[in-house]
Amino acid sequence: MNTAQAALESALSLATLHGEPIAIAIADGSGRCLASSRGGDADWTFETQARALAETSARTRQDSATLRSRRAESRGGTAVPENATVARGTSLLIRQRDGADFAVAARATSADIERACAERAVQMLDHVGTSKGRPASADLRQVMGSFVTGVIVAIAKDPVAQGPVGFTATGLVSLSLEPPLVGLSVGHAASSHPAFVQCTDFTVSVLHSGQSDLAIQLARSGPEKFSGVDLIGTAQGGWRLHDASATFSARTRNTLRTGDHTLIIGEVYEARLLTERPVLLFFGGGRFGKAEPRDTAAVAI
Ligand SMILES: Cc1cc2nc3c(=O)[nH]c(=O)nc-3n(C[C@H](O)[C@H](O)[C@H](O)COP(=O)(O)O)c2cc1C
C-alpha cells in the first residue's frame, strides 16, 4: 500500500493546509483500499477491498451504512466511527493504467477542496508510480548531510503522564517572521509524536557547542532520557533546557502530515538568547561541529 499511502497523506496534507475536514479513500491497484479521515469529529484510518469500495461509490453515493458494513473487513488502524463516510460518486476518479485500477474518492465540506484533494492524490499516484529512480534513504541522508544545520531539543508535555517528552532534532525551519512561525519535523516513529501532534505548546532549546553528548542522550527514545537533565519550567506549564544557546516557546497553529514525518507549525510567543557560546552544528550524516564566524564582518540582511 505504499503508493496509496503516499497519495493519501499528500491529499490529507493539502486539506490540513486549508483547515478542511476530509475523508478520503485511495486504491492503487493492489486490490486493497486505504481510507482515512482527518480534521472532522474523528481521525481514523482503515484498509478495505478497493474494487468493492470503488464500484459502490461509482454507482451511487456511498452512505455510512455501506461503509460500516465494511468494518468487518478492516484491519489495522483505529476503529471506524459509527458516522464515518468516505466516498461520493461525484468525486470518484477511476483510471486505467497498465491494467491496474487507480481510484480516488474524497469527501470534504467544500467542493473545491474535495476536487483539489482528489487531483493531488491522482498526481501523487502518477508520480510515485514513475519515481523508480529516486534516491534510497541512505543516499539521501548522505547528500542532505552536506546541508549543515544547528541542533535543537524540542520539548512538549505528555498529555497522559503530564511530564516532559521530546527529542534532539535538526528538522526545524523558520517559516515566517510576521507572524513569527516555525516548523518542527517530528518522525512518526518517535514515541513523542502523539504528544507533539496533540500539544498546544512546545519549546525549542538551541544547543551550544558543549552539548553534543546531551544531543546524543536526548536522541534516545522515551521520556526517561530526561532524568538528570536540568530543565526549567515555563509560565505555560512546559519545560525548556536550563543550559542552551537560545530558547523559544511556540503555540501550535497547524500540523501537516507529510511522508514519514509530521510538520508541527508553531507561532513563537517568546524567544530568548541565553549564551554567546558557539552553537552546535550537525552535518555529514552524523558529525558534530561548532559555528564560528570566519571574520568579524557581518552581512547586513
Ligand atoms: C542530530 C539529530 C537530529 C535529529 N533530528 C530529528 C528530527 O528533526 N526529527 C525527528 O523526528 N527526529 C530527529 N532525530 C531523531 C530523534 O532524536 C530520535 O528519533 C528520538 O529517539 C525520538 O525520541 P522519542 O522516541 O522519545 O520521541 C534526530 C536525531 C539526531 C541525533
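Two strands pair if DSSP finds at least two bridges between them. Strands are DSSP runs (E, at least two residues), numbered from the N terminus. This is a predicted model: local features need pLDDT of at least 70, side-chain atom pairs count only at pLDDT 80 or more, and totals for chains, interfaces and linings use all residues. Residues are numbered from 1 along each chain as its sequence is written.

**View 1. Seven strands make an open sheet.** The order is β8-β7-β11-β14-β15-β10-β9, with antiparallel pairing. β8 and β9 (172-176) sit at the edges with a single partner strand each, so one side of each lacks a neighbour in the sheet. From one strand to the next, the twist averages 35 degrees (axes are lines fitted to C-alpha atoms; angles run from 0 to 180 degrees between N-to-C directions).

**View 2. β11 (residues 201-206) runs antiparallel to β14 (residues 246-258).** Six bridges join the two strands. Phe202 has Ala250 of β14 as its bridge partner.

**View 3. The largest nonpolar core holds 32 residues.** Such a core is a set of buried Ala, Val, Leu, Ile, Met, Phe, Trp, Tyr and Cys residues joined through C-beta atoms within 7 Å. Buried means 20 or more other C-beta atoms within 10 Å of the residue's own, with C-beta atoms placed from the backbone. Ile152, Ala154, Phe202 and Leu207 touch the most other members. Strand β7 (residues 152-157) gives the most, with five residues.

**View 4. The ligand is surrounded by 18 residues.** The closest are Gly171, Gly187, Ala190, Ser192 and Ser221 (near: C-beta atom, placed from the backbone, within 6 Å). β8 (164-169) and β10 (181-187) each supply at least two residues of this shell.

Key:
Helix = DSSP H or I, 4+ residues; strand = E, 2+ residues; numbered from the N terminus. Buried ≥ 20, exposed ≤ 12 C-beta atoms within 10 Å, placed from the backbone.
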